[in-house]
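Subject: Structure handover

Hello,

Here is the structure for you to look through. Please open it first, then read the notes below.

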Amino acid sequence: MASVLNSALSLNLSNFKSKRVRTHSLVSPLSLPLTRRRVTIRAADTDTNEVKPQAPVSGGAGGSSFNQLLGIKGAAQETNKWKIRLQLTKPVTWPPLVWGVVCGAAASGNFNWTLEDVAKSIVCMLMSGPFLTGYTQTINDYYDREIDAINEPYRPIPSGAISENEVITQLWVLLLGGLGLAGLLDVWAGHDFPVVFYLALGGSLLSYIYSAPPLKLKQNGWIGNFALGASYISLPWWAGQALFGTLTPDIIVLTLLYSIAGLGIAIVNDFKSIEGDRALGLQSLPVAFGAETAKWICVGAIDITQLSIAGYLLADGKPYYALALVGLIIPQIVFQFQYFLKDPVKYDVKYQASAQPFLVLGLLVTALATSH
């Protein structure tokens with residue numbers, strides 16, 4: 001299960017980030033879009049220490065129908081309107097949000113394996129994944145449609161497979177559907193204050209300003225990557241915990257700290273686009289600091305964050321959970337030296353596939369620790 005979620009998270013963070021105007025998916029409202037269009041630019045005078053970007057993956061006529069349904073690169077062109085609508089929501093980006101809800105429910109200490117609690121959690125997962133993550137992924141595609149027309153003209157919107165008016169209708173259906181489910185969950189949980197609704201509403205707003213001008217947060221390496229990390233770790237966790245228990249300030253701080261690790265994961269996907277980002281004036285961290293410095297910022301954000309949380313658990317009188325978390329951090333560090341620090345472009349997929357299952361399991365260990 002963890003490896004499946006990890007694969008989805010890796011795809012999410014690479015997919016999501018391809019959409020930063022680089023020619024290069026609670027934000028959903030529980031998650032931000034994860035797709036990054038890359039521009040391939042060859043420069044003879046590029047610093048030899050910089051990592052060369054890879055060419056974008058092609059799609060269209062020779063693409064895969066399976067990729068099309070998941071909403072990832074290499075998708076076949078499709079004429080069935082419902083399949084196209086599904087593609088825009090990028091189902092491959094939903095599992096991490098589902099995992100976040102699971103962690104939040106576990107951290108609440110109040111989840112029971114009853115029919116009612118299982119039903120609540122499923123509705124919360126539907127809200128976080130298909131509806132609100134689907135909304136954020138669709139709006140990301142909508143605001144990248146002009147760039148996609150140049151770099152990936154076979155995609156649904158620039159290819160004309162779906163009209164802009166149909167996309168706008170889909171956005172409203174997904175947004176209102178997600179907010180409606182959030183309100184239903186508040187009523188179902190007997191909340192005096194509609195906390196799940198406001199989490200969903202705030203996440204939806206964050207999704208909008210991430211993708212849409214004039215703010216377009218994804219153009220800034222620090223802010224955009226932290227928003228990515230928070231959307232895939234903090235917001236769904238908060239929703240799951242608020243649904244079954246109480247969302248306390250210490251949990252908010254703890255999960256936001258974990259989002260710094262998410263920032264590090266997001267940086268992994270910046271290295272392939274260094275030259276394109278530089279040409280477009282986009283301040284990704286590898287552009288701002290150089291590839292050598294940025295890769296250490298990346299692993300530092302991931303490792304120091306988790307070690308700090310292990311220290312917090314130890315200080316909170318939970319040594320076994322702290323030890324378990326450290327045991328999950330060590331393999332991540334090993335894989336960083338084995339793959340990522342050697343060549344962050346060549347080994348990014350191997351690194352994420354090897355290391356991220358341990359980070360995903362660490363999230364659950366932390367959630368279980370906070371439930372006691």
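**What was found**

Start at helix 3. At its start, a side-chain oxygen of Asn-80 comes to within 2.9 Å of the backbone nitrogen of Trp-82. Helix 3 covers residues 81–89, and its buried residues are Ile-84, Arg-85, Gln-87, Leu-88 and Thr-89. Buried means under 20% relative accessible area, exposed means over 50%, and partly exposed lies in between (1.4 Å probe, protein chains only). Just after helix 3, Lys-90 has a positive phi of about 50°.

Some ground rules. This is a predicted model, where local features need pLDDT of at least 70 and side-chain atom pairs count only at pLDDT 80 or more, while totals for chains, interfaces and linings use all residues. Residues are numbered from 1 along each chain as its sequence is written, and side-chain values use heavy atoms, leaving out hydrogens and water.

Now the whole protein. It has 16 helices and zero strands. Both are DSSP runs numbered from the N terminus: helices are H or I with at least four residues, strands E with at least two. Of the 372 residues, 57% are buried. The protein exposes about 14,700 Å², and carbon and sulfur atoms supply 66% of that. Accessible areas come from the Shrake-Rupley method with a 1.4 Å probe; for residues, only the protein chains shown count as cover.

Next, the inside. The largest nonpolar core has 43 residues. Such a core is a set of buried Ala, Val, Leu, Ile, Met, Phe, Trp, Tyr and Cys residues joined through side-chain atoms within 4.5 Å. Trp-237, Tyr-258, Phe-271, Leu-325, Phe-340, Tyr-351 and Leu-363 touch the most other members. Several helices each supply at least two residues, including helix 4 (95–108), helix 10 (221–244) and helix 11 (249–268). Helix 14 gives the most, with nine residues.

Asp-348 is in helix 16, residues 348–370. Is Asp-348 buried or exposed? Asp-348 counts as buried because its relative accessible area is 3%. Leaving out residues up to four places away in sequence, Asp-348 touches Val-268, Lys-272 and Asp-343. Touching, or contact, means heavy atoms within 4.5 Å.

Last, the surface. Which helix gives the most to the nonpolar patch? Helix 15, residues 319–340, does, with three residues. Val-326 lies in helix 15. Val-326 is partly exposed, since its relative accessible area is 30%.

Best wishes

Key. A polar contact is a pair of N or O atoms within 3.5 Å; within protein, one must be able to donate a hydrogen and the other to accept it, and residues adjacent in sequence count only if both atoms are side-chain atoms.
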